[in-house]
Amino acid sequence: MSFRRILLFGCLLAMTAFAAALVYAWRSALAPIDPPSTASFSDDEVRRGAALALIGDCRTCHTAPDARTFAGGLAMPTPFGTIYSTNITPDPETGIGRWSLAAFTRAMREGVDREGRHLYPAFPYDHFSLTTDGDVKALYAFLMTRDAVVAHAPANDLPFPINIRLVLAGWKLLFFHPGPFVAEPSRDAQWNRGRYLVEGLAHCGACHTPRNLMGAEIGSRAFAGGEAESWTAFPLGSHSPARIPWTEAALGHYLRAGWDADHGAALGPMRPVVENLAEAPADDVAAMAHYLASLGHPVEKPLALAPTPAEAAGLRPQSAGWQTASAAPPAGLPPGQTIFDAACRACHAAGRPLPLGGVDLAVSSSLSASSPQNLLNILLQGVPARDGEAGPIMPNFGGALDDAALSALVGYLRQDLAGLAPWPGLADAIAAARRAAASSSHARADR
Ligand code: HEC
Ligand code: HEC
Ligand code: HEC
């Protein structure tokens, strides 16, 4: 073959491949409808949809700070750039008012919008695809009966080529394995319900499963721990770093109440999850705890801790009230413990029960985790108060503690209190946590 013929043949081959890819990637628009009247949905269906929407965290992602519920516009930072959630109120122009049930179902199951554009998996359709027809219909009924809000989502801030939605077709080909949910006949109904919700609508793995470089969850490492908004979503099940193994009862309480006496409170991005589950049906949350508990737990890592230097020296811990009395820490203590005694002990070692008191830090997963990320986030961001609710509050120590003091305190907590090897790369982790605290204080001030 002459060089020209090879070139021609190569071009033809490339064009055929490109055309095939386009045919695969191309999704047609579905016809717009007149927004359905609220009377066309049954109360019962709307009520079921409301419960499912809580389990799916729809309002958490689709509501921007100080804006109308479900009107979208929340900035979602990803390793690739910022994606904004969309308006899912029934407004005909800026929301999903003209979406048929078929269009809504296609978005939930296949990640394609009414006009046929591929959606970014920041919208967890890789989990939502498991949702049954009946549940998708109930969610549709619920959303279509909300107040319509006129609101345009800001344009995404993504680099080329990720800003081209057609590229997502390739991502889906490689990484998207849509449902349906298949029940495990050897397990009981509660277990199957729990798995259906955890893997599906509740999309727990979206945060708790590690992702590959292309941003897809690594299925073989389900629940081995992931990352969300600069927080570690701790491993669950047999990978859990918890010092006291999570039982079904502890999980059930934590997921609904937002805290557990042996594990502390849900903080960072886990907080909205439990706030939603607090309002969800109790037996659904119990089923999720039942399923999660069946994932097993690691061999117990008993808390046989060496006495702290102060205890070894026969010093008794101070009781609450470091701010008041002559609470000067005993001389000669390592600086990390001095800081702990002065700034933390009153709340964390005074026996005040949760949720208002702080947990005994030795049991906290933030000390036994493989990275200091969450501990630093908590120290730098504190536990902010909630509007009009009695709940846990902790001040932030970002201003009071400089980097040297922070690293001494963290060293004391990790090595002396938890009895574990020091974290490598602590200085870098402190710098990263300071950046995260600075951006979280203006980005999502009070969510
Ligand atoms: C983790 C955050 C997150 C959660 C949870 C979430 N969404 Fe979304 N959703 C998004 C983002 C981001 C987009 C926009 C994706 C894009 O632009 O490609 C989106 C898009 C959508 C769309 C397409 C709308 C359009 O105009 O194209 C629908 C429908 C939708 N979501 C419904 C839901 C429902 C129903 C729930 C709850 C069951 C839910 N979402 C939960 C982040 C989320
Ligand atoms: C005014 C009381 C108060 C003070 C002072 C305080 N905390 Fe807290 N802290 C809390 C409360 C309340 C919580 C939420 C309940 C919980 O999770 O323990 C919390 C949560 C935490 C957590 C998360 C525990 C978990 O796994 O849930 C860590 C870690 C922590 N605090 C560390 C510290 C350290 C270190 C100091 C000292 C620099 C400190 N706290 C000072 C009240 C306080
Ligand atoms: C938006 C991200 C996100 C989602 C979705 C999410 N989590 Fe979390 N989860 C986190 C983060 C971050 C932490 C660590 C912060 C903390 O412990 O308070 C966490 C902590 C936890 C813990 C405590 C682990 C420990 O050892 O202390 C449990 C249990 C948990 N999540 C279960 C779940 C379940 C079940 C679901 C699904 C219903 C879920 N999470 C969904 C982000 C998420």
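How far from an N or O atom in the side chain of S365 is an oxygen atom of ligand 3?

Modeller: The distance is 2.6 Å, a polar contact (a pair of N or O atoms within 3.5 Å). The model is predicted, so local features need pLDDT of at least 70 and side-chain atom pairs pLDDT 80 or more, whereas totals for chains, interfaces and linings use all residues. Residues are numbered from 1 along each chain as its sequence is written, chains are lettered from A and ligands numbered from 1 in the order in which they are written, and side-chain values use heavy atoms, without hydrogens and water.

Ligand 3 also has an oxygen atom 3.1 Å from an N or O atom in the side chain of W246, and a backbone N or O atom of A265 lies 3.4 Å from an oxygen atom of this ligand. The shell (residues with a heavy atom within 4 Å) holds 24 residues, of which C204, C207, H208, L267 and M270 come nearest. At least two shell residues come from each of helix 9 (205–208), strand 4 (231–233), helix 10 (248–257), helix 11 (270–279) and helix 12 (282–293); helices are DSSP runs of H or I with at least four residues, and strands are runs of E with at least two. By class, the shell of ligand 3 has 20 nonpolar, four polar and no charged residues; Ala, Val, Leu, Ile, Met, Phe, Trp, Tyr, Cys and Pro count as nonpolar, Asp, Glu, Lys and Arg as charged, and the others as polar.

The shell around ligand 1 has 25 residues, the closest being C58, C61, H62, Y120 and R165, and divides into 17 nonpolar, five polar and three charged. The iron atom of ligand 1 has a single protein donor, NE2 of H62, 2.0 Å away; donors are N, O and S atoms within 2.8 Å of the metal (3.2 Å for Na, K and Ca), and water is not among the atoms, so sites may look incomplete. H62 belongs to the loop between helix 3 (58–61) and strand 1 (75–78). Oxygen atoms of ligand 1 are also approached by the protein: a backbone N or O atom of Y120 lies 2.7 Å from one such atom, and a polar side-chain atom of R165 lies 2.7 Å from an oxygen atom of the ligand. Helix 3, strand 2 and helix 4 each give two or more residues to this shell.

Key:
A polar contact is a pair of N or O atoms within 3.5 Å; within protein, one must be able to donate a hydrogen and the other to accept it, and residues adjacent in sequence count only if both atoms are side-chain atoms.
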